[in-house]
Amino acid sequence: MARRRRTHTMKILDWLGVDPMGWFLGDKDVASRLIQMTMIVSQTNDPDDIKKAFFGLLEPVKDKLPRIFSLLFLSGKMSSALLAYELHIGFRIFAGRFIGGNDMPSIVRTIRSYHAKGIKVNLDILGDAVFSEKEAQKYIDDYCLLFSELPKYGINASHDVSASIKISAAYSQIDPSNPDYSVGVICNRLEPFFVLAQKFGFNIYFDALEREYREIQFRVFERMHKKYGDTARFVVQSYFKDSLGMIDRLAEMRVRHGSPVWVRLVLGAYHSFEQYTARIRGQDIPVWTVKEDTNRNFRACFSEGVRRSLCMVSGTQNADHILYALKNGSSGTQLLRGMGEPYAFGALVPQGFPVCFYVPVVLTKSFAQGIGFLIRRVDDNTGPESFLARYFGRKMKGAVRTLKEGIEEIEWRKAA
Amino acid sequence: MMIQNEYFRNEPQEDFSDPHIIAKIEQGIKAFESKWFGVMKPRPVIIGGDEDNTGDYMDIYDPARRFRLLGRVRIATPDNVEKACLVAHRAFQKSLEFFWDDFDGWLLGRKRVIQKALELIREERYIIAPLISCEVSKSLKGSFGEIEEAIDFGEYYLSQVDALFERVRTRSDIETEKNMRIPVPRGPTVAIKVWNFPLSLSFESIGASYLAGCPVLFKPAEQSSLVGYYLVDLLLRAGMESDFISYLPGYGDIGEALVKNPYTAHICFTGSMEVGHKINVAAAVAVAENPYAYPCGTKRIEGELGANNPMIVTRSANIDDVVKAILVSKWNQEGRKCSALQRLFIVASPEHEFSKALMSRVIGGASSFEYGHPVFGKKRYSNNAVIDGEAFKRIKDRINECRKIKEPLLEVDLSDMEEDGYFIGPVIFEGIPHDSSLVREEIFGPVLFIFFVDSLEEAIRMANMYPHITTGIFTQDAKEKGQFIRGMMTGGKSGLIYVNREIVGAVAGQHQFGPINQSGSGYKLATPNRMRLFVNEVGVSENFLSQGVLFKNE
């Protein structure tokens, strides 16, 4: 029922031409205040706190906000409870665009709806802000719970569902200065999930992380891949200046272990954060800061990966990259829920290319756990170097057309 | 209001994501073990480059393995102090002449020594880090951070020393007079330094003083005398004149003798508020009783003393950010930082969903810390022991006193580790009266006091009741930020006000670290003003007018 209401509301918003993501694309100050407001709404039910924050943050920029906000100001003046209710509804709609469910039935529905369209699903349980061992254990337990429940709903290996995990969330005391111990703890904690994944035929991707955890992540992956083969899969962020070196290490590992190594090549999830952190630490900026450099590096890593017999999957929203990967031995295309639908339904699926959607989920009643992910998505997509900022709205249709035309021009397809 | 921009590039932090760095750390630990670990020959007192091996010695134990002897250090005697002060006095007089006769050569020599010292610190950091970690029980990451801080201090003062000695001509439009303001070194410095940052804070005082032309009489904390020895040895290897640095390890009596000695001009002291006040009195009384015996005159005291640091959290704050900041501000280095959090004010009732969510996550996070040795063992732990048996007893006694009033919200029991080292797990109290001495006195350990208050105004009033070095707020409300900064500014106790970040981890040249009020003399470390402590400004005024005629032969 709730899902139907959400879908219905989204359709009305689409018809009205209202896209919440668009609100974040304009004025930086407005975007920042909206993000702060979203965070507050996500973490509290106290109507008075919500009203105070709403008026404190948004009243100074009232004139720059979309018209729909005037209704909220009106509600707020009438009743703080009404305003809080409306904002919570709004937050759930916004979160629902990116987050694929918050309990088993809703997650299963999402998987089935993708599967019905011939699309695979990669599930990521959000909630990686982990400070205690209880939270870290729960993070892994949730994965075990989710993936052990899926077969009961008839979702099995044939659905080709995979998981994305963040190893930093598997150990609250993870310490880059002490990698060996951290690797040991994390491997032990992941063990039951890998046993489960192997039993039911799911795969597990080691998701993109901040740079400081990269070495630990690689070592954990190395151990799990050695033991569980290609059930363990890796994510490489091509915005790092030295990501080709990582491709090299993975290729050597493939030879050593003698089993396929699957790599999802993404641009990277913490582009701004890596730059801020490096500046604070006085270190060289580890990421390419010019978009075209990242693009070149993406292409270089992809080709090198294919050349070295890695199973390369593209994980980007950039039509040029997707096309490049398809032309150069791609083993699959992964897209983000809430962003990649036009590519999938407009170009890839009709042409018979394998597509997988990265679907974040939560296992709590509220979507609060997903707030970090949502904010990063907003930040990623509204920055000056962002692809989506450039290909938003009508321009997106152009990008889909480019992709479609590009696919038709692929030589081996023509030949076929 | 005009805001001036200051630019300083910090030493890059160690990149632990680089496997080559991890390999270097391993090698450094091995080298430390073979060269330093358990050397039983006591490290000597050093005066004028001469080693004195005659006195008594003290044993220095590893706080995280309390029965393991790390090394031995000779204890300086009153005679040593007398001799060292005289050597420093003579060196200073000689240096002053050089300063006046060939200023450029004089300054260049000093800069080269500090540059060389920084080079050596960089080269030897993989040995220095485990030494610090073992001697004062600090995480390796923390020790590397301290080394980077020491380098920052050195680089900063190198960048400022030219400006320090700039001579200023005043009223050059008056042709009958030449008026000059000339900075001149003041005299020997006593550096009585603390154990919690044994390298960086010692090097800060020594480096600034040396660059300003003042010899240093260095008394490290008795708990960190090995790091102190390493530093002095390194400075001598860097080419520091042997009569410009003395190494005088020992206890309170050595500090007292240095403070009262006629030849010392200023005292850089880092330690407790109680001792800081005693030093102030002792230095003033000593000079007042016999002023003509003191060639440098009144002594200047630069103290970084104790504090009771507050943090305020309002309900608009992002909980993830707050939890992280509380865990770091309170338990990083087990609360053994003068900027560590002691009092947490939450502007909400204890029953409010925000308080419940925050407290449950803070308690969960604090319960998850893992304790052990920072260097040796299966894991290199980030949470370690308190410094010694005395600190252990003092903190435990305070916890027991608080318990008589109310049971703690959290007390992580590490009693099974007490046999090995002075480990105390995180403790959180709520409901201890704010005006009780149990809350008022600085704890310098892993104990947090929480207060739920009705309003931000009340939180600010309570925060301002006790001296503090740092303070902070977490809020996303612009009005609350403004109210807080105004309240803390006008409260007159906060030396460093943070907004939406942890209240520890000040970085030289970036954050304005320098306590005021009861917590310190207000000099900000790594700022141009800091070096002025070590100089006098002398005015020279020459008249060219005689008999109504101008005789100007410049």
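**Figure 1. Phe273(A) in helix α12 of chain A.** In this predicted model, Phe273(A) lies in helix α12, which spans residues 271-281 of chain A. Phe273(A) has a relative accessibility of 39%, so it counts as partly exposed. Together with Tyr276(A) and Ile280(A), Phe273(A) makes a nonpolar surface patch of about 330 Å².

Figure 2. Chain A holds 19 helices and eight strands. Of its 416 residues, 57% are buried. The accessible surface of chain A is about 17500 Å², and carbon and sulfur atoms account for 55% of that area. Contacts between residues at least 6 apart in sequence were also sorted by separation: in chain A, 71% of them join residues at least 24 apart.

**Figure 3. An open sheet of three strands in chain B.** The strands of this sheet follow the order β1-β5-β4, and their pairing is mixed. Strands β1 (39-43) and β4 (57-62) of chain B stand at the edges; each has a single partner strand, so one side of each has no neighbour in the sheet. On average, and with direction ignored, neighbouring strands of the sheet are turned by 35° against each other. Helix α6 of chain B, residues 225-237, packs on the sheet and touches β1, β4 and β5 of chain B. The direction of helix α6 makes about 40° with that of β5(B).

**Figure 4. The pairing of β1(B) with β5(B).** Strands of a sheet pair through backbone hydrogen bonds, either parallel or antiparallel. Here β1(B) and strand β5, residues 65-74 of chain B, pair in the parallel sense over two bridges. Val39(B) stands opposite Gly71(B), a residue of β5(B).

**Figure 5. The buried strand β11 of chain B.** Strand β11 covers residues 266-270 of chain B. Five of its five residues are buried, so the strand is largely enclosed by the rest of the structure. Buried here means under 20% relative accessible area. His266(B), Cys268(B) and Thr270(B) point one way from β11(B), while Ile267(B) and Phe269(B) point the other way. The residues on both sides are all buried.

**Figure 6. Partner strands of β11(B).** Strand β8, residues 189-192 of chain B, runs parallel to β11(B) and is joined to it by four bridges. Within this part of the chain, Ile192(B) has Phe269(B) of β11(B) as its bridge partner. Strand β12, residues 300-304 of chain B, also runs parallel to β11(B), and five bridges join the two strands. Thr270(B) stands opposite Glu304(B) in β12(B).

Key:
Residues are numbered from 1 along each chain as its sequence is written. Chains are lettered from A and ligands numbered from 1 in the order in which they are written. This is a predicted model: local features need pLDDT of at least 70, side-chain atom pairs count only at pLDDT 80 or more; totals for chains, interfaces and linings use all residues. Side-chain values use heavy atoms; hydrogens and water are left out. Patches are made of residues with over 30% relative accessible area and no salt bridge: like charges are joined within 9 Å, nonpolar side chains (Val, Leu, Ile, Met, Phe, Trp, Tyr) within 5 Å. Accessible areas come from the Shrake-Rupley method with a 1.4 Å probe; for residues, only the protein chains shown count as cover. A salt bridge is a side-chain nitrogen of Lys or Arg within 4 Å of a carboxyl oxygen of Asp or Glu. Buried means under 20% relative accessible area, exposed over 50%, partly exposed in between (1.4 Å probe, protein chains only). Two strands pair if DSSP finds at least two bridges between them. Axes are lines fitted to C-alpha atoms, for helices over the stretch in contact, and angles run from 0 to 180 degrees between N-to-C directions. Contact means heavy atoms within 4.5 Å.
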